[in-house]
Amino acid sequence: MKWAMRGDCGLLPAVKRRGRRIIDECTKEAAIVDPVEPEKVLEAAKQHGADPHHPPSLVYGGSLDNVKGCTDKVENGDKISLGANVNILSLHTPCHTKGHISYYVTGKDGEDPAVFTGDTGKLREGFISSFSSSLVVEKLTSLPKPTQVYCGNEYTVKNLQFAPSVEPDNTKIQQNLSWAQQQRQSGMPTVPPTIEEETETNPFIWVDLPELQELVGFHDPIEALREIRQRKDNWRG
């Protein structure tokens, strides 16, 4: 995975299937995000000389979800430090669950930030209103454009194949699709895109734009979002 590294110490994120790790290169302290396959993630951490088992072991999660094993419940705006140079900001992005948290990670000056969004895009019907405001208006799209987006699944090709059905005249979508298909054919990941790339090609975050609302036939961002989500759920490619 690409990451902008400057100086002797910095933030080193890397991706394994269904699990991500964040390592402070100065102290070798590490955090693991969404570790569905923990053995693989731990092995990868060892390869970088990192130890995610510094006592006491802390497990962070959204305060509203009441997940078993969570030792430190966080809410929107809570801050976490890792090692000497890594800072993590909790962003409440309810959609897949009511307490879903995205983590915005910054390192030393000059390094591009990252955001770990998990399954933010897989919203449930009950969270459509809060998803619209949190994703489109207040949270993820307000992050710096170079922010790298580490999502929970490798859905880039399918998402870009779907996007022209919403906005057929967007040439950027086709360009990114060609690149993503080449990456997957080579066995390479497409994650992470940047916030800038997402705002150019992801119809789910255009729902506050009148042009997009006109295309889907609804003049309200929440109704437009609901319509696009329904189209995506029914889309077969």
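This is a predicted model: local features need pLDDT of at least 70, side-chain atom pairs count only at pLDDT 80 or more; totals for chains, interfaces and linings use all residues.
Select Val166 and, leaving aside its neighbours within four places in sequence, show what surrounds the residue: Val166 is in contact with Pro203, Leu212, Leu215, Val216 and Ile228. Now widen the selection to the largest nonpolar core, which has 17 residues, and in which Val166, Val207, Leu212, Val216 and Ile228 are the members that touch the most other members. To see where this core draws its residues from, colour helix H3 (156–162), helix H4 (171–185), helix H6 (210–216) and helix H7 (221–234), each of which supplies at least two residues. Apart from this core lies another, made up of 14 residues, and selecting Ile22, Ile80, Val105 and Tyr150 will display some of those among them.

Is Ile195 buried or exposed? Its relative accessible area is 7%, and because buried means under 20%, Ile195 counts as buried. If residues up to four places away in sequence are not counted, Ile195 touches Leu140, Thr141, Leu143, Pro144, Lys145, Thr147 and Val149.

Select Val191 together with Pro192 and inspect the backbone that joins them: the peptide bond from Val191 to Pro192 is cis, with omega near 10°.

Lys28 sits in the loop between strand S2 (19–24) and strand S3 (30–33), and its phi is near 65°, a positive value in a residue other than glycine. With a relative accessibility of 27%, Lys28 counts as partly exposed, because this value falls between the 20% and 50% cut-offs.

Finally, select Asn66, found in the loop between strand S4 (60–62) and strand S5 (72–74). Asn66 is not a glycine either, yet its phi is positive, at about 55°. How does its surface compare with the cut-off for exposed residues, which is over 50%? The relative accessible area of Asn66 is 57%, and therefore Asn66 is classed as exposed.

Key. Residues are numbered from 1 along each chain as its sequence is written. Side-chain values use heavy atoms; hydrogens and water are left out. Buried means under 20% relative accessible area, exposed over 50%, partly exposed in between (1.4 Å probe, protein chains only). Contact means heavy atoms within 4.5 Å. A nonpolar core is a set of buried Ala, Val, Leu, Ile, Met, Phe, Trp, Tyr and Cys residues joined through side-chain atoms within 4.5 Å. Helices (H or I, at least four residues) and strands (E, at least two) are DSSP runs, numbered from the N terminus.
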